[in-house]
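Please read the following report alongside the sequence and the three-dimensional view.

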Amino acid sequence: MHKDDQMTPKQRMTAFRNGQDVDRIPIMPFMGTISSRIAGLNLREMRSGPKTEAESQLAGYRRLGHDCLISDYGLHGIGIAMGSRVNDPEHGVIAIQEYALDDLNKVDQLDQEKVRRRHDSKLARHYAAAEIMLAEAGDECGLNVNLTGPFTAAASIYPTEKLLRALVRDPENVRRLLRFCTDCLKIVCREYLDLGVGFTICDPIASGTMMKKENYQDFVYPYTRELVDDLHGLGASVGYHICGNTAKIVEPMVDTGVDMLSLDNAVDMGMAKEKVGDRICLVGNVDPTGVMMLGDGEAVEEAVKTCFQKTFDSPCGFVLATGCDVPYDAPLENLDYFMAAGRKYGRWPLDQALYA
Amino acid sequence: MTEIICVTGFLGAGKTTFLNKILPICLNGRKTAVIENDFGDAGIDAAVVGETGAVVRELSSGCICCSLKGEMKAVLLALIASESPDVIFVEPSGVSRSTDLIGALSQMKDGDSALSVNVVNLVDVANFEDYLEAFGDFYGDQIASAQTIFFSHRQGLTQEKMNELANQISEMNPVAACYLSDWLEMSGEALWELIQDPKDFVNTPAFSGSGEAKSGAGVFSSWSGASDSRFSREDLEAILASLVDGQMGQVLRAKGFCRGEGNLGWHFNYRRGSVEIKSVDAVAEGRMLAIGQNLNTAKLAELFRSRPV
């Protein structure tokens, strides 16, 4: 347990979910990439095997004491299993070089069995890393698997722009691809299930920045709802994050049945509280680039304070987080400032006078 | 100071074609670089890069929203430091918001000065209405953030439909210079001129009451010619003076080189009524260009005693 806390993340999250007293509000900076630097590794090294992958997360956890470890199945996970080729940059996140599907009429040729651990070495690595993390810190901290929603999974098989264009030109084949991706994601989740993990669905391509609400309702909501129902049926909790501006779709996002709603910094937390705060716990949303990467300690504290000002009284609760993944190049001290500010403003019981 | 020109537009709008057309022109004496996003279509022609010597860098952002600023900054600053280019073309992903891109670029500096950022947007007008209805705010944002807008895929659209789309687009961005004619038929020189000083082409008297598009948008066309004829300074002054009276159409910009007497040549520049003529070293072949509305290309050719390029 971190020296500045009185509860372990596991104790805290259990109490928080049950509406009981906690020592502080949960804090969850997105540590998908920057944790590697805390472990003294670059991103290629982090990705090189289960040990380094686990060590990155654990090093981040030891330093910050934040409230969840991550197994990052990744934005391109389904696509890679299907044969999309990615690069392996030393200091950058992976990007797709060649897509598995060049023609939407070939969706039927894709094989969902390929996502299973025994066929997908990448999933085997993530799973082994998750085992290491849980063996090391599982008694005090929960582990969340970050995976994509069906739409972003589709964009890892077939290029984003072509997929968006197909919403207009070829919606039926888009639906077939989404059907396939939803089934794949269910399989991936089951592959993790015996570890007792939670899930966070990240769906950046389903953002309001990318598509209209009507298309979200039509092409994203039904498949996501199905996935969430499936995971709930398996007893797992589900968080939901969509990048960019989701102001117009927060209601249908909550309708998917997820347990926590994570908001990008492009969304006003006050607005989210008004619209859906009485239905769901809100997670957010310090600017990862403007504040965490480019700001100083003062800017970080100010941004954390603003989040509390806007959301501390959200009826179903509030979790302090960043609005998206903290950039790899952000100063590590800013993570310490972030946690310190979270501990200061999130001390239980919350003291409204602190936010004035 | 490095000039940044962002060429934005959704898949199929012609970003790469545009770059292939304008790069050889831009490179005329300028050190040029291109930053391409690998989310986009096929890259610029290897032949164009080979001929021109432009420096090309790729962005490989894994998450569209998050890493744009960080990686863009790193690539751009490294480029400026190592190559000190005069012009950097940025071809972002077709789904990126120009506002975010401009925001990221405006935080960067070239030495002590801020970067000058110019945004060109290519709109696939055949699909404009469908895309506007289906896509999120990145699409409208690309239009609203541009200084110059070009229409692609105009074939098959009636003039009436074009005007309707032009009105809609100029409502989304009343301050952009909106080029409705077929830019594929324009010379690279003309495109370069148009994007250089878009303000020259907006809200000029030439547009008011044109009836073709509301607010700031205007219908431009261009003309280019080549000529072996020799002109005296007086000839040239008379020709350029005649551009003002409207007989050649509404010429907003004309420039070029032409042969003078003996070993002399002329470089001329006509900009909304003001004329500049400089003598230069011998010119092997005269080349001239005009941009404006309702250009009388036959008359322009006659004036410069030119042949088509």
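The sections below describe chain B and then chain A.

## Basis of the description

This is a predicted model, in which local features need pLDDT of at least 70 and side-chain atom pairs count only at pLDDT 80 or more, while totals for chains, interfaces and linings use all residues. Residues are numbered from 1 along each chain as its sequence is written, and chains are lettered from A and ligands numbered from 1 in the order in which they are written.

## Chain B as a whole

Chain B contains ten helices and 15 strands, where helices (H or I, at least four residues) and strands (E, at least two) are DSSP runs numbered from the N terminus. Of the 309 residues in chain B, 48% are buried; a residue is buried if 20 or more other C-beta atoms lie within 10 Å of its own, exposed if 12 or fewer, and partly exposed in between, with C-beta atoms placed from the backbone. Among the contacts in chain B with a separation of 6 or more, 76% come from residues 24 or more positions apart, two residues being in contact if their C-beta atoms, placed from the backbone, lie within 7 Å.

Chain B is divided into domain 1 (3-201) and domain 2 (221-308), with bounds that come from an automatic or database domain assignment. The centres of these two domains, taken over C-alpha atoms, are separated by 29 Å, and nine residues of domain 1 of chain B are in contact with nine residues of domain 2 of chain B. On the side of domain 1 that touches domain 2 there are four nonpolar, two polar and three charged residues, where Ala, Val, Leu, Ile, Met, Phe, Trp, Tyr, Cys and Pro count as nonpolar, Asp, Glu, Lys and Arg as charged, and the others, Gly among them, as polar.

## The sheet of chain B

Strand β2 (residues 32-37) of chain B is joined to β3(B) by five bridges, and the two run parallel; V34(B) has V56(B) in β3(B) as its bridge partner.

## Helices and strands of chain A

Helix α6 (residues 121-137) and helix α9 (residues 171-192) of chain A pack at an angle of about 35°, with their axes 10 Å apart. The contact involves L123(A), Y127(A) and A130(A) of α6(A), together with V188(A), E191(A) and Y192(A) of α9(A); by class, it has five nonpolar, no polar and one charged residues.

Strand β6 (residues 198-202) of chain A is largely enclosed by the rest of the structure, because four of its five residues are buried. Five bridges connect β6(A) in parallel to strand β5 (residues 143-148) of chain A, and V145(A) stands opposite F199(A) of β6(A). Four bridges connect β6(A), again in parallel, to strand β7 (residues 238-242) of chain A, with T200(A) opposite G239(A) in β7(A).

Key. Pairing = 2+ DSSP bridges. Axes fitted to C-alpha atoms, helices over the stretch in contact; angles between N-to-C directions.
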